[in-house]
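Please look over the model below before reading on. My notes follow as numbered points.

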Amino acid sequence: MSKELTSKQREIKKFMITLLFWGTSIFVVCYQNVVRSYNATLLALSYEYGFTSRSLLGTIYHFLNDVLPIDMMSYEMVLRFAQIVTLLFVMFLFAFAYFCLIKCKEQYIKPCEYLILFYMLFTVATFSGGYNFFRVDLFMVFIALSCALLITYGKAEWLVIPLSAIGVMFHQGFVFMFFNIALVLLFYKFLSADKKGMKKYGVIFVITFLLGSALFLWFEFFSRSNGAAIFDQIVEEARSLALNGQYHTTLLYHEVLGIDLSETEQAFRKINIVEILFFTFFFMPYLVVTIQFFKGLLRRAKTKVEWFKYFIVAIGAATMLPNFILKIDYGRWILAVITYYVIVLVSLVMMHDENVESQLLESYEHIKEKPGAFVFVVFPILFIPLWDVQITGFIQWFSF
Amino acid sequence: MDKLYKKDIVFLLALVFFALASFSRFFDEKLHSHTALFPWMKEYDAVIVSTVVYFIIIFVLFVVCIACCREKYKSNIYYLVCFYSTFAFPMFLSADYFGCTDIYAWMLTWIGGILLVTKRFEWMLILISFCIALISPISVFSGVCIILAILIYRFFAKKENRYLGYSIASFVAACIGIMVAKMLGGFDLDAQQVLSLERFAVMVIFMSPYLYIAMKFFGNLVHKAESKQKWGIVCWIIGILPSSIVCIYLQDYARAFFHVFSYFILSVIIHIASGEEPVEEQLENVKEKIKEWSPIPILIIAIPFLFMTLWISGQQFLLTEIFVDN
């Protein structure tokens, strides 16, 4: 037993060193040392002006400005703050990877390592590239991953309720983008548990879902009542926070004044449609592998409940559909889909679901046998970093 | 030359998909101004055609190398071919190098590689060296050096005098090619300052494990070789110096990075495909060592490709707000 542990620990140690080198390389090549006007302007929003949407990050920033002996209301400080936050986030990703592997059985570590590398590539690149550096999505991913850790480790699971609420307070888009991870894992545990456990997970699931939905409705429809009165003040702050005083007008019009700007997004929709087609084509190998994995997993289900459980896991990313249909930031939606599948699968392996473990190993062995397999390990580098309206530089020339 | 097996074809198809995706990722329709011996080489249509031919020839080289490689080392050649593709596919599609005359030199080098692997019409290497020097003088330090390094290695390893003859003749032909290019007014090194010195320094730090791998590989190769063979290996190692020194002197760091990796990977591919036993054995040893060190050996390919994709070929976008008032 002790020998097995030693070899597992050795493998994890080696992998963590590799991951550190990998993560640092990705950060170095993608980092552009700039906070976009959108992300800087978001810091001007705060709960000083009411319980408004996307204002949590700004509130934290204003709080730091009040308690720290330095003036935080300048672009230079925004950049420093963004650098520290991103560094902490990347460290959290490393910690997450470590906690995952520690919890996995030794024979299933390898496929999990590949999943983690794949996820690190997209996440670190996206949040260190200029487009999404210090984007609020980073905080939402942090919340989603924390929820996954709490649920898989089975400790203080009630914390998922306030954490999900905080996620929605960072950005109401959390409901469609990352809420699915906590909800699917809770639902999975609800269906896997005994009677007592079912009650516990049922209650947590319902409260989490209701609280998240209520906050979403509030922020989306009722939180912008006195926008006009505070607009000038927010603009003034946004000017001091953004690079060269260029704040993001669209964000403030939408978030503070509640002006519907969907009309202006028509041109971007065309770009999205063209890009998603090409993206799907080039991402096909990974889609095929994912579909084959879930087909195999559903076949392994012995009871109807088990089948339903895996079916929910398979379609959990469908919460992203409203975003794909109504909104235009396809780069962000794709990161959310990748996050969902990687984190949920790794979480299920951490929870020692035998069907998921064996199916994952089978898929891994099946891919490994293919002579061109390693081409597809290198291939995702072409897609990074993910942007927002345009998915990535990979296919940008198709859309013009 | 053996035939291609089903698994070879599957691998090559995966590589075709990779080439297509690379085209999508790196191709920039803009053609910057580059010097060229013949005016038609600067024409947009000619550049497009030559880029397509470039991809066709590299695939012919891969097909020949995979078909000629011994079954035992097939997985190694797949790995090397994939590694080489991560450099060769993006390099001349990216905006800064799209339309450079190097592309012709590399095509000729690969044709030379095919001749070296099949061991047919090897005398044509003399003509190829002349053409490389004539069309792209900077490629004398890369393409011609690869050919010369392999010829000299073969002379010492196989003790066949014809290889010495070919290498001397190729060297002389390359020198004549440079002189003719100078007379015709086509002698221009066409250096591109894509990378800053700071970025290059960072890359060198990140690439230091590869230096260690190369040292292990060549160290063992020299250690196990007979006295005469050692000279061949030393010449092979020294062959990288002209290209690196010239590119660094010209501050064309991206080209230096590309040349160093291309030089070693391409020459190892040719040696493996030619059935050079000492090289095959050493590569196998290095592979085992890498497997011991790294739980994910494929990252050996992925890390230089990160730099190739995002620093050398560029991120393909400008955040306009960065440049306002700056």
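1. Terms for the pocket come first. A pocket is an open set of points on a 1 Å grid over the protein atoms alone, where a 1.4 Å probe fits, with protein on both sides within 12 Å along at least five of seven lines. Its lining residues have an atom within 4 Å of a point. Grid points are joined across faces, edges and corners, and a volume is the space filled by probe spheres set on the points.

2. Ground rules. This is a predicted model, in which local features need pLDDT of at least 70 and side-chain atom pairs count only at pLDDT 80 or more, while totals for chains, interfaces and linings use all residues. Residues are numbered from 1 along each chain as its sequence is written, chains are lettered from A and ligands numbered from 1 in the order in which they are written, and side-chain values use heavy atoms, leaving out hydrogens and water.

3. The second largest pocket. Its volume is about 1100 Å³. Its lining has 42 residues, and closest to the centre are A:Tyr38, A:Glu265, A:Lys327, A:Ile328 and A:Asp329. Helices here are DSSP runs (H or I, at least four residues), numbered from the N terminus. Elements of chain A that give two or more residues to this lining include helix 8 (174-177), helix 10 (195-222) and helix 17 (330-350). Helix 12 gives the most, with four residues.

4. Ala, Val, Leu, Ile, Met, Phe, Trp, Tyr, Cys and Pro count as nonpolar; Asp, Glu, Lys and Arg as charged; the others, Gly among them, as polar.

5. The interface. In contact (heavy atoms within 4.5 Å) are 49 residues of chain A and 47 residues of chain B. The buried area is about 4300 Å², and carbon and sulfur atoms give 75% of it. Buried area is the accessible area (1.4 Å probe) lost on putting two parts together, summed over both.

6. Who supplies chain A's side? Helix 1 (2-30), helix 5 (109-128), helix 13 (266-282) and helix 19 (375-378) of chain A each supply at least two residues. Helix 1 gives the most, with 12 residues. The side of chain A that touches chain B divides into 33 nonpolar, 11 polar and five charged residues.

7. Backbone checks. The peptide bond from A:Ile384 to A:Pro385 is cis, with omega near -10°. A:Pro385 lies in the segment after helix 19 of chain A. A:Asn244 has phi near 55°, a positive value in a residue other than glycine. A:Asn244 sits in the loop between helix 11 (227-241) and helix 12 of chain A.
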